[in-house]
Amino acid sequence: MNDTSTPASYQLLPGAADSPVILHVPHSARAVPDGVRAGIVLDDAALQTELDHITDSHTAEIAAGAAASATVTPWRFVNELSRLVVDPERFPDEREEMLAVGMGAVYTRTTHREQLRPSGFDPAALIADYFVPYARAVTDAVDARLDAVGRAFVIDVHSYPTEALPYELHGDGPRPPICLGTDSFHTPPELLAAARKAFSGFGGTGLDSPFAGTYVPLKHYGQDRRVGALMIEIRRDVYMSESGGPAGPGLEALAAALAELVDAVGASA
């Protein structure tokens, strides 16, 4: 079942001093602290089913494998808590389009649009306790790469289900084996080209469908072109049994492809 203690909210795993790359893994964990669990209305079985659907299972292992085999070790920023605690990649205010389905920075609805938290739930404490420290730590990690090497590249490692879930706002578009999420300001053409090359062996890459955009700390977003960003969304049937099942042989191949991308980015920085 879920952890009975409150685990650390995140880990920054050091890479090489001269690496500009941060592999960001925000949605791989399933841990829900007891105090947060108390505010979720699902019974234990329903919560486990929801975690199966919402968790980007095994993406931390993919990032770890890439870090271990890359020529220059990237840094890794890994969320240690489930996105059902807070989703660090959502805007914490009205800018977030996923509020339309109850899935802003603090979710009030499930992947199937059912109730997750009580009506009128106040997210302020979760934002203060988890979202704000996480955002500050990622910002600090990016600033450290800028100070050290003059560039920073945030590569998000995600996965998504083969079949669209009801919460998806853009689930009717293409669902390629590898979806590359981009930002017009922070995704330079050479970064996108390197990703397409690195992930060319999985049956095709697509662009910004079914998920679009990248993660960049708000301090740098739209302001600092030294910060590059790309989102890697891996369709789950490429490497695991759905939903929430074990990883398969595709995991090692994906880790190798991600390492190739890390090396290409590091060489071009």
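Colleague: Are α3 and α6 parallel, antiparallel, perpendicular or oblique to each other?

Modeller: Two packed helices are described by the angle between their axes and the distance between the axes. In this model, which is a predicted one, the axes of α3 and α6 come within 8 Å and cross at roughly 50°. The two helices, α3 and α6, are therefore oblique to each other, and their crossing is right-handed.

Colleague: Which residues make that contact between α3 and α6?

Modeller: From α3 the contact draws on Glu61, Ile62, Ala63, Gly65, Ala66 and Ser69, while α6 brings Leu251, Leu254, Ala255, Leu258 and Ala259. Sorted by class, the residues of the contact of α3 with α6 are 8 nonpolar, 2 polar and 1 charged.

Colleague: How do α5 and α6 pack, in angle and in distance between their axes?

Modeller: The axes of α5 and α6 lie 9 Å apart, and the packing angle is about 150°. An angle over 145 degrees counts as roughly antiparallel, and α5 and α6 are therefore roughly antiparallel to each other. The crossing of α5 and α6 is right-handed. On the α5 side the contact is made by Leu191, Ala194, Ala195, Lys197 and Ala198, and on the α6 side by Ala257, Glu260, Leu261, Ala264 and Val265. In the contact of α5 with α6 there are 8 nonpolar and 2 charged residues, with no polar ones.

Colleague: What does Ser28 contact, beyond its neighbours within four places in sequence?

Modeller: Ser28 sits in the loop between β2 and α1 (34-37), and there Ser28 is in contact with Thr55, Asp56, Thr59, Ala60, Val78 and Asn79. With a relative accessible area of 15%, Ser28 is buried, since the cut-off for that word is under 20%.

Colleague: And Leu12: is it buried, partly exposed or exposed?

Modeller: Leu12, in strand β1 (residues 10-13), counts as partly exposed at 38% relative accessibility. Setting aside neighbours within four places in sequence, Leu12 is in contact with Trp75, Arg76, Phe77 and Ala141. The C-alpha atom of Leu12 is separated by 9.3 Å from that of Ile22, 10 residues apart along the chain.

Colleague: On the backbone, what is the phi of His58?

Modeller: Most residues other than glycine have a negative phi, and most peptide bonds are trans. His58 has a positive phi of about 70° although it is not a glycine; it lies in the loop between α2 (44-54) and α3, and His58 is buried, at 18% relative accessible area. Asp208, also not a glycine, has a positive phi near 55°. Asp208 is found in the loop between β6 and β7 and counts as partly exposed at 26% relative accessibility.

Colleague: What is omega for the cis peptide bond from Ser209 to Pro210?

Modeller: Omega for that bond is near 10°, and Pro210 is placed in the loop between β6 (205-207) and β7. Another cis peptide bond joins Glu242 and Ser243, with omega about -10°; Ser243 is found in the loop between β7 and α6.

Technical notes: Residues are numbered from 1 along each chain as its sequence is written. This is a predicted model: local features need pLDDT of at least 70, side-chain atom pairs count only at pLDDT 80 or more; totals for chains, interfaces and linings use all residues. Side-chain values use heavy atoms; hydrogens and water are left out. Axes are lines fitted to C-alpha atoms, for helices over the stretch in contact, and angles run from 0 to 180 degrees between N-to-C directions. Helices (H or I, at least four residues) and strands (E, at least two) are DSSP runs, numbered from the N terminus. Angles under 35 degrees count as roughly parallel, over 145 as roughly antiparallel, 65 to 115 as roughly perpendicular and the rest as oblique. A crossing is left-handed if the near helix is turned anticlockwise from the far one by less than a right angle, and right-handed if clockwise. Contact means heavy atoms within 4.5 Å. Ala, Val, Leu, Ile, Met, Phe, Trp, Tyr, Cys and Pro count as nonpolar, Asp, Glu, Lys and Arg as charged, and the others, Gly among them, as polar. Buried means under 20% relative accessible area, exposed over 50%, partly exposed in between (1.4 Å probe, protein chains only).
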